[in-house]
Amino acid sequence: MKYVTTVLASTIVTGFLLGISVNGFSQDSKTQPTDQNLKDQSKKLEAPAPVPVYTPPKRGAPGGRIGGATRGIQREVFLLSVLAPDHSGFTTSEQPSLYWFISNSTSLPVELTVMDPQGIQPILETRLPSPVTAGVHHFRLSDFNVRLAPGAAYRWFISVVPDADRRSKDITAGGAIERVEMPEGLQAKVAQAAKSDLPSLYGEAGLWYDTVAAISELIEAAPQDQALRKQRTALLTQVGLTGITE
């Protein structure tokens, strides 16, 4: 009887311990992340910021984008375009950056002009260093000590000059820009937002040039980030700029 009792006790204890072991293993296995979960978490971490949506302003000075066609002479054929909407775009900056695009590099002279609100006298005329490479370029008005007055509409142009003696042959693209006050409540949002959120904030507020500058500055800080470049391309298509590729 002692032997049987001992065997039974041993069996019960062993079974009890095995039960704990099995249950413990089963519980641990439930908490282990699966490969699919890891992939899902990775996708969430890598999810790009949303494409900024541009809301055109309800008011604005007449005028808009000109040019933007594929043109050229002899062997130099290219798309020249300003990154501007088909209406007068807004900015809150006194000295904004203006962006433009050329599809192929050129050794021809390239000139930048900014006209006064009356469109009579240029407030800036300068020639860019040659050659000019293909891609998106920009210039800062602060580099030329040019300031925009609030409430005034300016026009700006990029011109490729095939023949300096016959300026009628210039290949030109241009846009319109107007400096406006910061919309109510936007300043506080901008102050608290991450840089990656600025393009969307400016776009929703109808500030075209600030939107383009914000997304372009992100690209300049991370030039290998293809998601940011795709976001800028998607933004440009919203105003009909479909031929600009990077």
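How many helices and strands does the protein chain have? The chain has six helices and nine strands, where helices (H or I, at least four residues) and strands (E, at least two) are DSSP runs numbered from the N terminus. The model is predicted, so local features need pLDDT of at least 70 and side-chain atom pairs count only at pLDDT 80 or more, while totals for chains, interfaces and linings use all residues. Residues are numbered from 1 along each chain as its sequence is written, and side-chain values use heavy atoms, with hydrogens and water left out.

Of the 246 residues in the protein chain, 36% are buried; buried means under 20% relative accessible area, with a 1.4 Å probe and protein chains only.

Because eleven of its 14 residues are buried, H5 is largely enclosed by the rest of the structure. These buried residues include Trp208, Tyr209, Val212 and Ile215. Their packing partners are strands S3 (89–91), S4 (97–102), S8 (153–160) and S9 (171–179), together with helices H4 (198–204) and H6 (226–237).

The largest nonpolar core has 44 residues, and Leu80, Trp100, Trp156 and Ile158 have the most contacts inside it. Such a core is a set of buried Ala, Val, Leu, Ile, Met, Phe, Trp, Tyr and Cys residues joined through side-chain atoms within 4.5 Å. H5 gives the most to this core, with seven residues. Leaving aside neighbours within four places in sequence, the contacts of Ile158 include Leu80, Val82, Trp100, Phe139 and Ile171. A second, separate core of nine residues includes Phe90, Leu198, Leu201 and Ala214.

On a 1 Å grid over the protein atoms alone, a pocket is an open set of points where a 1.4 Å probe fits, with protein on both sides within 12 Å along at least five of seven lines; lining residues have an atom within 4 Å of a point. The lining has 16 residues, of which Tyr202, Asp210, Ala213, Ala214 and Glu217 lie nearest the centre of the pocket. H5 supplies the largest share of this lining, seven residues.

Definitions and conventions. Buried < 20%, exposed > 50% of the residue type's maximum accessible area, 1.4 Å probe, protein only. Contact = heavy atoms within 4.5 Å.
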